[in-house]
Structure formats: structure tokens, C-alpha cells
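Here's a quick walk through one protein model, from the whole chain down to a few side chains. Have the structure open as you read.

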Amino acid sequence: MIAMDLMHHSSCFLLPTIPLQRRPSLTYALLVLNQNLPRFTPLLWNHAQLHLCADGGANRLYDEMPLFFPQEDASDVRRRYKPDVIKGDMDSIRREVLEFYASLGTEIVDKSHDQDTTDLHKCVTYIRDSASGLDKSNLCVLVVGALGGRFDHEMGNLNVICRFSSMRIVLLSNDSLIHLLPRTYCHEIHIQTSVEGPHCGLIPIGTPSKSSTTTGLQWDLNNTAMEFGGLVSTSNIVKEEKVTVQSDCDLLWTISIKKL
């Protein structure tokens with residue numbers, strides 16, 4: 001294969017403290033969708049510099065964030081975890097939730113006229129084009145509530161990370177995470193063994209792969225062809241703390257998240 005630039009990946013955002021020496025050094029934005037909040041949502045919130053809710057994701061934040069702090073007053077928790085922005089077509093957010101966050105100064109961006117894009121797409125566009133005071137040179141968007149629920153929603157979320165392939169976007173649930181490995185890079189994935197793995201997968205997206213090569217997996221690929229209807233690398237196992245991936249097509253990387 002032709003030599004390509006190296007792209008580093010790490011799930012260190014799942015750690016209580018992000019080590020300064022970890023590569024890459026990223027700025028995080030947290031985006032909340034309308035599914036159950038993962039148990040580590042407060043941790044991600046603390047790492048993020050920008051916090052957004054996509055429409056009904058604000059209901060989830062309002063209802064579920066206080067459940068992580070049962071000894072505290074729910075109203076205090078809601079005020080502490082106030083989103084910077086709520087954006088979407090506003091067909092799911094409850095009025096009392098909208099009014100509560102608006103009273104705290106949350107920016108409300110009503111895109112009810114746009115029915116051609118998903119709420120996730122709208123929020124990613126906001127982060128890319130409109131978010132001020134945010135270092136976007138090494139930005140990573142963490143999306144909670146992106147997996148589970150309706151399958152067409154999941155597919156729409158996968159489509160968004162493909163449409164914004166030049167941005168780092170990680171889809172998260174309680175059980176796993178997914179992000180894109182663009183074919184224009186050779187990828188080095190630093191495994192955080194205390195919080196993720198060992199189960200993982202590599203899935204071609206958009207087009208079949210005629211040649212994919214990995215190191216660090218129990219069943220490594222060696223110039224292997226992958227496509228739907230043929231071989232895809234699901235139910236693989238991470239064997240090393242560093243996994244490398246190179247492919248002639250875009251791949252989805254997924255890895256399990258440990259239940260600590």
C-alpha cells in the first residue's frame with residue numbers, strides 16, 4: 001500500500017483523568033441524543049468544553065442526569081449540567097424542559113423548517129460552523145445516546161459520521177463505541193484496557209474493501225477483502241495495547257466498553 005499519514009485514536013475520554021502525554025491531545029464537544037444516557041455521561045461532560053443537546057436529548061439530560069446523583073437535589077444537578085446549546089427540529093423536546101434551560105441561558109436553535117437532515121446532522125453542522133471560542137484544530141465530538149433504540153436512527157447516525165468524515169466523531173452507548181477510520185490515513189488505535197475491549201470489529205462502509213491490514217488483533221487481517229455479503233471482521237478480539245489499521249476503503253471501528 002502507498003504510505004499515508006498516521007492518525008492516532010484513543011478512548012482516554014473514558015478515563016477519570018486524561019493523561020497529558022496521551023496522543024492525540026484533543027478538545028471535546030459532548031452531544032446528547034434522545035436515548036438513555038450512558039452511565040459515564042457525567043465523566044464525558046467534565047471532559048468536554050462544549051455541551052449540546054439534539055432536540056429530545058434535552059429531555060434525557062433533564063430526566064436522567066439527576067439519577068446519577070441520587071443524594072443531591074435534582075434541580076441543583078440540572079442547573080449544574082446545563083447545555084450550552086439545544087438544536088433540532090423541536091418536535092420532541094418537552095415545553096417545560098425547553099423553558100427551564102432557556103431560563104438558564106441555553107442557546108435555542110430551532111431548525112423545524114429543515115426536515116432533510118437529522119438532529120445529529122444539525123448539531124454537528126453547528127459545532128463545525130458556528131461554535132465560537134472552541135479550538136477546532138483537534139476537535140472530537142462525543143455523541144451519547146447514538147446507539148440503541150430504533151435501527152433507522154442508528155443508521156442515520158452512522159451516515160452522519162460518514163458525511164462528516166473529516167471530523168472526529170465517536171458514537172457511544174453503555175456497551176460500545178463506534179468511529180470512522182478514513183481510508184486516507186493509516187490508523188493507530190491506543191487501547192485503554194481498563195475501560196474498553198476486548199471485543200471489537202472492523203466493518204467496511206460505503207464500498208467494499210479489496211485490501212485491509214491490521215496488527216494487534218487475535219484475528220488480524222492481511223490484505224484481506226471485506227464486504228457485506230462476504231467477510232466482515234466482527235467479534236474480533238484486541239490482543240495488544242496498540243492496534244494498527246490500513247485499508248483501501250473507509251472502515252467503522254467498534255469496541256466494547258467494560259461495565260466497571
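## First, a word on "buried"

A residue counts as buried here when its relative accessible area is under 20%. Keep in mind that what you're looking at is a predicted model. With that cut-off, 54% of the 260 residues of the protein chain come out as buried.

## The whole chain

As for charge, the protein chain has 24 positive and 30 negative ones, and their mean positions are 2 Å apart.

## A cluster of rings

The model has six aromatic pairs. One of them is Trp 45 with Tyr 81, an edge-to-face pair with 5.4 Å centre to centre and 75° between the planes. Trp 45 belongs to helix α1 (residues 41-47), while Tyr 81 is in the loop between α3 (74-80) and β4 (85-88), so this pair ties together parts 36 residues apart in sequence. Both Trp 45 and Tyr 81 are buried.

Tyr 81 also pairs with Phe 69: the ring centres are 5.6 Å apart and the planes are at 20°, so this pair counts as stacked. Phe 69 sits in the loop between α2 (57-64) and α3, and Tyr 81 in the loop between α3 and β4, so here the parts tied together are twelve residues apart in sequence. Phe 69 is buried too, like Tyr 81. Put together, the ring pairs link Trp 45, Phe 69 and Tyr 81 into a cluster.

Why call α2 largely enclosed by the rest of the structure? Six of its eight residues are buried, and that is the reason for the description. The buried ones in α2 are Gly 57, Ala 58, Asn 59, Leu 61, Tyr 62 and Glu 64.

What do the buried residues of α2 pack against? On the strand side there are β2 (27-32), β3 (50-54) and β4, and among the helices α1, α3 and α4 (95-103).

Note on methods: Residues are numbered from 1 along each chain as its sequence is written. This is a predicted model: local features need pLDDT of at least 70, side-chain atom pairs count only at pLDDT 80 or more; totals for chains, interfaces and linings use all residues. Side-chain values use heavy atoms; hydrogens and water are left out. Buried means under 20% relative accessible area, exposed over 50%, partly exposed in between (1.4 Å probe, protein chains only). Lys and Arg count as positive and Asp and Glu as negative; His and the chain ends are not counted. The place of a charge is taken as NZ of Lys, CZ of Arg, CG of Asp or CD of Glu. Rings of Phe, Tyr and Trp (its six-membered ring) pair if their centres lie within 6.5 Å; planes under 30 degrees apart count as stacked, over 60 as edge-to-face and the rest as tilted. Helices (H or I, at least four residues) and strands (E, at least two) are DSSP runs, numbered from the N terminus. Contact means heavy atoms within 4.5 Å.
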